[in-house]
Amino acid sequence: MAAVYDRVALIGLGLIAGSMSLAMREAGLAGEIVGYARSPETRDTAREIGLVDHVTDSIAEAVSGADLVVLAVPVGAMGVVAEQIAPHLMPGATLTDVGSVKQAVIEAVLPHVPQDVHFIPGHPLAGTEHSGPRSGFAGLFRQRWWLLTPPEGTDPGAVERLAGLIRAMGANVEQMDAPHHDLVLAVTSHTPHLIAYTMVGVADHIKRITESEVVKYSAAGFRDFTRIAASDPTMWRDVFLQNKEAVLDILGRFTEELFVLQRAIRMGDGAHLHEYFTRTRAIRRGII
Ligand code: NAD
C-alpha cells in the first residue's frame, strides 16, 4: 500500500507507539518513522530491536518535517509534551494522541496547537497489561475499535486521512464526542481496572492468607479478573486523575449495586441473586 504519511513522529516509545510503528511498517503506511523517547534505556532498546527507522532524544528533531505526530505518553503528560513540540510542528501537519481519556487531554493540548495544524484526538481500544518498547506487536489493533474525537470545525479531509491510516493498521474507526467517550470508557475500562486493582489489594490485606497462597491457589476467578491489575501504574494513576467525574459517577453506581447484592447474600435472597446473575450473564455472553 502507498504511504499515507511521509514522516511520522512517535512521541513516547511504549506499547501503543511501538505497536503503531510495527503495524505501519508491515503495511508500508509511512515513508519514515521517527521515535522520541526521554529515557536512554528506552532509546537503547528501541535501537536494539529496530522499533522505528530513527530514534532521537530531541523532541524538536522528531517533530520537524513530520506530517503526522502521535502523542503516546501517559495522559497526565500530554499537555507538557504538546507545549514542547508546538514550536516545531510543520504547517498542515496532523497531531493526534492515543490517550485513554479524551476531554482532559483536549483541554491540556488544544491551547498549544498552532492554527495551521490539525489536532485530531484519538484512542485505540486495544492494549495489554504489558508496557514499554518491547511490548508492542503489529497485530495489536486488528479488529479493534479506534475512536476519534475531533473538536468541532476540524478539517474533514485531515480526519479521513488519519482514519485511512488507522483502518490500514487493521482497526475500525468511529467518531464520538469527548465527554461521551470518557463516560463509555469509565464503564468499559477505567472502573473495571480500579476494581481489579482493589481485589488484589483486598487479597494482600487478609492476614490469615499469605501472599504465596494467593499466588499458588489463584483460581480462575482471581486470575482472570485481576489480569488487568498488572498494568502500568503511571498510566492508570493518570487515567483516574484525568477522568475523575465519569469514574466517580460509575463507581458510585457500582457501590450501590454491590450493597444490594451484599444485602441479598446476608438475607439469603437467592431469587434476587439468580435473577441478577441471569440478566447480567446474558449481557456478558453478548461480548465475544
Ligand atoms: P507505556 O508505558 O508502554 O509507554 C509510555 C511511554 O511514555 C514510556 O516510554 C514513558 O517513558 C514515556 N513517557 C512518560 N512520560 C513522558 C513524558 N513526560 N515525556 C516523554 N515521554 C514520557 O504506555 P502505553 O501503554 O503505550 O500508553 C501510552 C498512551 O496510550 C497512554 O496515554 C495510555 O493512556 C494510552 N493507551 C494505553 C492502552 C493500554 O492498554 N496500555 C490502550 C489504549 C491507550
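**Ground rules.** I number residues from 1 along each chain as its sequence is written, and I use heavy atoms for side-chain values, leaving out hydrogens and water. Because this is a predicted model, local features need pLDDT of at least 70 and side-chain atom pairs count only at pLDDT 80 or more, while totals for chains, interfaces and linings use all residues.

**Entry 1: α7 and α10.** I looked up how helix α7 (residues 178–205) packs with helix α10 (residues 233–242), and found an angle of about 125° with the axes 11 Å apart. Helices here are DSSP runs (H or I, at least four residues), numbered from the N terminus. Axes are lines fitted to C-alpha atoms over the stretch in contact, and angles run from 0 to 180 degrees between N-to-C directions. Next I checked which residues make the contact (heavy atoms within 4.5 Å). On α7 they are S189, H190, H193, L194 and Y197, and on α10 they are P233, W236, V239 and F240.

**Entry 2: α7 and α11.** I then turned to helix α11 (residues 244–267), which packs with α7 at an angle of about 65°, their axes 9 Å apart. From α7, the residues that meet α11 include D182, L183, H190 and L194. Among their partners in α11 are A246, D249 and F254.

**Entry 3: the ligand.** I counted 24 residues around the ligand, the closest being L15, I16, V73, S100 and G132; a residue counts if one of its heavy atoms lies within 4 Å. For polar contacts I looked for pairs of N or O atoms within 3.5 Å. A polar backbone atom of I16 is 2.9 Å from a ligand oxygen atom, and a backbone N or O atom of V73 lies 2.7 Å from an oxygen atom of the ligand. In the side chain of R38, an N or O atom is 3.4 Å from a ligand nitrogen atom.

Methods. Helices (H or I, at least four residues) and strands (E, at least two) are DSSP runs, numbered from the N terminus. A polar contact is a pair of N or O atoms within 3.5 Å; within protein, one must be able to donate a hydrogen and the other to accept it, and residues adjacent in sequence count only if both atoms are side-chain atoms.
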